[in-house]
Amino acid sequence: MSNMEVPGMPGPSRRRAPLAHPATEEIDLLDVLHALADPTRMTIVRTLDASPERACGTFPVDVAPSTLSHHFKVLREAGVIRQREEANRRLTTLRRDDLDARFPGLVTTVLAAYGGRAPTGSGAAEPAPGT
């Protein structure tokens, strides 16, 4: 072991463990809703909705890198995002197709509600008579 290596920490030649992502049929609604309940995580999701794939350090959030890693982990383990390693970067995408297959309209509704707009389309609720 060189002077620079720390026991228990990955060395420069060791690869990180593969990232775990739930299968589409294993995505749980309560986990997704919990993941989307945080403003920083919603910023990540809104950014990915507008931009298909981004490197981790390019999101418009003002949090420490360790905090951002935690937010990515929550989103990834809930099945909201997918991350992949490419060289020394981690690229992130929104699992929009998987979420729409599992919970049709959920992402659109949550994004619209977060943006302060009512969802549009056939799934939008009509106002009650007399209101």
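**Surface, fold and salt bridges of a predicted model**

The chain exposes about 8700 Å², with carbon and sulfur atoms supplying 54% of that area (Shrake-Rupley method, 1.4 Å probe; for residues, only the protein chains shown count as cover). This is a predicted model, so local features need pLDDT of at least 70 and side-chain atom pairs count only at pLDDT 80 or more, while totals for chains, interfaces and linings use all residues. Residues are numbered from 1 along each chain as its sequence is written, and side-chain values use heavy atoms, with hydrogens and water left out.

As for the fold, there are five helices and three strands, running α-α-β-α-β-β-α-α along the sequence (DSSP runs numbered from the N terminus: helices are H or I, at least four residues; strands are E, at least two). Of the 131 residues, 31% are buried (under 20% relative accessible area; exposed is over 50%, partly exposed in between, with a 1.4 Å probe and protein chains only). Take the contacts (heavy atoms within 4.5 Å) between residues at least 6 apart in sequence: 63% of them join residues at least 24 apart.

Eight salt bridges turn up in the whole structure (a side-chain nitrogen of Lys or Arg within 4 Å of a carboxyl oxygen of Asp or Glu). One of them pairs Arg-82 with Asp-98, at 3.7 Å between the closest N and O atoms; this ties strand 2 (residues 81–86) to helix 4 (residues 96–102), across 16 residues. Asp-98 also bridges to Arg-95, at 2.9 Å. Arg-95 is buried at 4% relative accessibility, whereas Asp-98 is partly exposed at 21%.

Elsewhere, Glu-53, Arg-84, Glu-86 and Arg-89 form a salt-bridge network. Within it, Glu-86 and Arg-89 come to 3.1 Å; Glu-86 is partly exposed at 33%, as is Arg-89 at 39%.
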